[in-house]
Amino acid sequence: DPKEWHDFIQAFCRELVAIMGRDAAGRLRFRVGTENGRRERFSGTHDEYVRHYDFTAAAVRSVLPEAKFGPYNISGASIRGVSVADNVRALDLARHCSTQPNAANGMHLTPFDWVAYSRYFRPGDNPEAHAQTCREVWETFEQNVPALKGVSREIHEFGVAPWGEVAKRTFASAEPGALGAALTFQMMLRLREAGINRLWHWGVFLLDPCNDGGNQPRLMPTGQTWLLSVLEHMKGGEAFLLPAIDESAAGTKHLALAVKDEGGATVMISAYNPKISDHTP
């Protein structure tokens, strides 16, 4: 019942205001679902999702008019994937939001405040190819829906995921260590080149199979922990991307980031070989 859902979301937002205060609640971001382009996540039709989106947006904005509001993160984003899906088509949803009246309140320009998707990668992948695909998807939305020019480019799920390789026993662990950190670093920099505005990564700790002696589980930092801690140290400085002058004879991809601030400069260098079995120095 779209009306009942609308009223529930209105009440929910009012409760957020009561708990957090209007300013803090107004800074929240509301996303309608997770990877809803497949029936496993949203079993209805495209038109049913559009109606669900419209009523949710109208309810949120009636209480929190300044809050950011947008669609689900697209799974396996590609130019074809945003136009053709099992049921919900993100590109058609964007067109509706910018050109058609909202089904709940009749207003035009239903909010669509980001184009976001999930981006997983694995040892052996090419960071530049991944970033190029991401850029193409973001540009496709802006080219087809002029109202989205300059819309926030986002990735809501991001990380190394060699699940298939672990199952096939071609990679030892879902924690890819220093190799994964080198790959993640290059992925992040190439995405920055592609114009990304916001990125959410998974946590940087895993449960240690050993306990602390008191039968309490403990957390073990992953290979990305050091990488992200150094990037945090670089935060706020003037950044320069440093590509390698020459190509590696071993096929290793080299990329560096230099960040200059009042305290001096920090340089991080990544050496990543897509051939995970190649240990050439």
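This is a predicted model: local features need pLDDT of at least 70, side-chain atom pairs count only at pLDDT 80 or more; totals for chains, interfaces and linings use all residues.
One is built from 3 strands in the order β3-β4-β5, with parallel pairing. Its edge strands are β3 (114-121) and β5 (198-199), each of which pairs on one side only. Strand β3 is joined to β4 (residues 152-160) by 8 bridges, and the two strands run parallel. Helix α7 lies across β3, β4 and β5 and runs at about 170° to β4.

The helices α5 (residues 127-144) and α7 (residues 177-193) also pack against each other, at an angle of about 35° and with their axes 9 Å apart. Their crossing is right-handed. On the α5 side the contact is formed by Pro127, Glu128, His130, Ala131, Cys134, Arg135 and Trp138, which meet Leu183, Gln186, Met187, Arg190, Leu191 and Glu193 of α7. The residues of this contact comprise 7 nonpolar, 2 polar and 4 charged.

The other open sheet likewise contains 3 strands, here in the order β8-β9-β10 and with antiparallel pairing. Strands β8 (238-243) and β10 (264-272) stand at its edges; each has a single partner strand, so one side of each is left without a neighbour in the sheet. Neighbouring strands are turned against each other by 15° on average, direction ignored. The antiparallel strands β8 and β9 (residues 253-261) are joined by 6 bridges, and Phe240 stands opposite Ala258 in β9. Helix α8 (residues 224-234) packs on this sheet through contacts with β9 and β10, and its direction makes about 150° with that of β10.

A further parallel pairing joins β1 to β2 through 4 bridges. In a regular strand the side chains alternate between the two faces of the sheet. Arg31 has Gly70 in β2 as its bridge partner.

Helix α3 takes part in several of the remaining contacts, including one with helix α1 (residues 2-20): the axes of α1 and α3 come within 8 Å and cross at roughly 30°. This crossing is right-handed. From α1, the residues Pro2, Lys3, Trp5, His6, Ile9, Gln10, Cys13, Arg14 and Val17 meet Arg51, His52, Phe55, Thr56, Ala58, Ala59, Val60, Ser62 and Val63 of α3. The composition of the contact is 10 nonpolar, 5 polar and 3 charged residues.

Val50 is also located in α3. With a relative accessibility of 10%, Val50 counts as buried, because the cut-off for burial is under 20% relative accessible area. Residues up to four places away in sequence being set aside, Val50 touches Leu93 and His96. Val50 and Val88, 38 residues apart in sequence, have their C-alpha atoms 8.4 Å apart in space.

Aromatic contacts were also examined. A pair of aromatic rings is described by the distance of the centres and the angle of the planes. In total, 8 aromatic pairs were counted. For Tyr49 and Tyr72 the ring centres are 5.5 Å apart and the planes lie at 85°, so the pair is edge-to-face, given that planes over 60 degrees apart fall in this class. This pair links distant parts of the chain, 23 residues apart: Tyr49 belongs to helix α3 (residues 46-63), and Tyr72 to the loop between β2 (68-71) and α4 (90-99). Tyr49 is buried, with a relative accessible area of 0%, and Tyr72 is likewise buried, with a value of 3%. Both tyrosines belong to a cluster in which ring pairs link Phe42, Tyr49, Tyr53, Phe69 and Tyr72.

Technical notes:
Residues are numbered from 1 along each chain as its sequence is written. Side-chain values use heavy atoms; hydrogens and water are left out. Axes are lines fitted to C-alpha atoms, for helices over the stretch in contact, and angles run from 0 to 180 degrees between N-to-C directions. A crossing is left-handed if the near helix is turned anticlockwise from the far one by less than a right angle, and right-handed if clockwise. Contact means heavy atoms within 4.5 Å. Ala, Val, Leu, Ile, Met, Phe, Trp, Tyr, Cys and Pro count as nonpolar, Asp, Glu, Lys and Arg as charged, and the others, Gly among them, as polar. Rings of Phe, Tyr and Trp (its six-membered ring) pair if their centres lie within 6.5 Å; planes under 30 degrees apart count as stacked, over 60 as edge-to-face and the rest as tilted. Buried means under 20% relative accessible area, exposed over 50%, partly exposed in between (1.4 Å probe, protein chains only). Two strands pair if DSSP finds at least two bridges between them.
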